[in-house]
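Read it with the structure open.

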Amino acid sequence: MSDEHWYEDETGSLVRPYTVTRGRTEPSGRHAIDLMSQVTAVEAEAAQPDVDHARAVLLALVRRGARPVVELAADADLPLTVVRVLLGDLAEAGLVRIDEPRRVEPAGPAADPELLKVIVERLREL
């Protein structure tokens with residue numbers, strides 16, 4: 001995937017994150033984007049929309065399959081704050097869907113609050 005990166009290994013990023021996000025540090029208020037939020041392409045086989053390089057790279061990654069935000073940031077080799085802003089833009093354009101992460105309730109001994117209190121007390125004794 002080296003042809004999709006827009007940086008030089010020796011010198012770092014050729015385009016500063018501030019420029020890529022047009023100065024924004026947060027996605028639009030309509031999208032809560034958590035590290036583990038699941039991102040899915042709305043139309044996986046649609047034609048390439050008119051988006052800039054950074055957004056096109058993210059969209060191509062998402063079109064390969066639904067993925068959490070943190071994986072997209074790692075694969076795109078972009079800071080998480082930048083990825084969150086860009087994904088918010090793609091969601092606003094109707095190109096991706098961002099779903100909240102599934103919350104899994106612990107089961108078994110891990111769900112027992114008394115056991116957890118005992119563990120914490122024992123750890124403090126160390």
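## Sheet, helices and a buried arginine

In this predicted model, helix α4 (residues 80–92) lies across β3 and β5, at about 120 degrees to β5. Helix α2 lies across β3, β4 and β5 and runs at about 90 degrees to β3.

The sheet itself is open. Its three strands follow the order β4-β3-β5, with antiparallel pairing. β4 and β5 are the edge strands, each pairing on one side only. Two bridges join β3 to β4.

| Element | Residues |
|---|---|
| Strand β3 | residues 38–41 |
| Strand β4 | residues 67–68 |
| Strand β5 | residues 96–99 |
| Helix α2 | residues 53–63 |
| Helix α4 | residues 80–92 |

α2 is mostly covered: nine of its 11 residues are buried. Just after the helix, Gly65 has a positive phi of about 155 degrees.

Next comes Arg67, which sits in β4. Is Arg67 buried or exposed? Its relative accessibility is 13%. The cut-off for buried is under 20%, so Arg67 counts as buried.

What does Arg67 touch? Leaving aside residues up to four places away in sequence, its contacts are Ser37, Gln38, Val39, Leu61, Leu72 and Asp75. Two of these contacts can be described further. Val39 has Arg67 as its bridge partner in β4. The backbone oxygen of Leu61 lies 3.5 Å from a polar atom of the Arg67 side chain.

Notes:
Residues are numbered from 1 along each chain as its sequence is written. This is a predicted model: local features need pLDDT of at least 70, side-chain atom pairs count only at pLDDT 80 or more; totals for chains, interfaces and linings use all residues. Side-chain values use heavy atoms; hydrogens and water are left out. Buried means under 20% relative accessible area, exposed over 50%, partly exposed in between (1.4 Å probe, protein chains only). Helices (H or I, at least four residues) and strands (E, at least two) are DSSP runs, numbered from the N terminus. A polar contact is a pair of N or O atoms within 3.5 Å; within protein, one must be able to donate a hydrogen and the other to accept it, and residues adjacent in sequence count only if both atoms are side-chain atoms. Contact means heavy atoms within 4.5 Å. Two strands pair if DSSP finds at least two bridges between them. Axes are lines fitted to C-alpha atoms, for helices over the stretch in contact, and angles run from 0 to 180 degrees between N-to-C directions.
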